[in-house]
Amino acid sequence: MKSILTIGLLILSNAFMTMAWYGHLKFKELGWFSKLGLVSVILISWGIALFEYCFQVPANRIGFKENGGPFSLVELKVIQEVITLVIFTVFTLLFFKTETFRWNHLIGFLFLVLAVYFIFKK
């Protein structure tokens, strides 16, 4: 159960992280947002990123083996990176229609999935 909770929290965390890091690039299409300066955009992104930490920190505490969780520190990091790529890919395809994914991107993602396999291999 802790593994499912950990992964769920990591998914939520990464959704907020992706929105904080890249969402402002799309928000500029909103009239009020396009008039904001860089400092305002940074502050808004920090506000969004706060929610990322509200999910990321508990995910790591719950999931970490030394806290009674199922994952080593390396396993947690690799899971988080793969989730980040999946969330980023979905976000990009949904919100940035001008971006395209090519075969080399897919091969790179495949290598990352293989990294997960090797990290978890006992």
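Trainee: Which helix do Glu81 and Lys77 both lie in, and how many residues apart are they?

Mentor: Quick note before we dig in: this is a predicted model. Glu81 and Lys77 both sit in helix H4, which covers residues 73-95. They are four residues apart, about one turn of the helix.

Trainee: What does Glu81 form with Lys77?

Mentor: General idea to start with. Side chains of opposite charge can pair when their charged atoms come close. Here, Glu81 forms a salt bridge with Lys77, and the closest N and O atoms are 2.7 Å apart. The structure holds one salt bridge, so there's the cut-off to keep in mind: the nitrogen has to be within 4 Å of the carboxyl oxygen.

Trainee: Are those two buried, exposed or partly exposed?

Mentor: Buried means under 20% relative accessible area and exposed means over 50%. Glu81 comes out at 36%, so Glu81 counts as partly exposed. Lys77 is at 46%, so Lys77 is partly exposed as well.

Trainee: Okay, on to helix packing. At what angle do H1 and H3 pack, and how far apart are their axes?

Mentor: Helix H1 (residues 2-27) packs with helix H3 (residues 38-63) at about 165 degrees, and the axes are 8 Å apart. Anything over 145 degrees counts as roughly antiparallel, so that is how H1 runs relative to H3. As for handedness, the H1 and H3 crossing is left-handed. Sort the contact of H1 with H3 by residue class and you get 16 nonpolar, eight polar and two charged residues.

Trainee: What about Ile62: where does it lie, and is it buried or partly exposed?

Mentor: Ile62 lies in helix H3. Its relative accessibility is 25%, so Ile62 counts as partly exposed.

Trainee: How do H4 and H5 pack?

Mentor: Read them the way we read the earlier pair. H4 and helix H5 (residues 103-120) pack at about 160 degrees with axes 10 Å apart. H4 and H5 are therefore roughly antiparallel to each other, and their crossing is left-handed.

Trainee: Which residues does UniProt list as "transmembrane region"?

Mentor: The unreviewed UniProt entry lists residues 36-55, 76-96 and 102-120. Residues 36-55 are 90% helix and 0% strand, with end C-alpha atoms 28 Å apart. For residues 102-120 the chain is 95% helix and 0% strand, and the end C-alpha atoms are 28 Å apart.

Notes. Residues numbered from 1 in each chain as written. Predicted model: local features only at pLDDT ≥ 70, side-chain atom pairs only at ≥ 80, totals over all residues. Heavy atoms only, no water. Salt bridge = Lys/Arg side-chain N within 4 Å of Asp/Glu carboxyl O. Helix = DSSP H or I, 4+ residues; strand = E, 2+ residues; numbered from the N terminus. Buried < 20%, exposed > 50% of the residue type's maximum accessible area, 1.4 Å probe, protein only. Axes fitted to C-alpha atoms, helices over the stretch in contact; angles between N-to-C directions. Parallel < 35°, antiparallel > 145°, perpendicular 65-115°, else oblique. Left-handed = near helix turned anticlockwise from the far one by under 90°. Nonpolar A, V, L, I, M, F, W, Y, C, P; charged D, E, K, R; others polar. UniProt positions renumbered as here; feature names shortened; annotations may be inferred.
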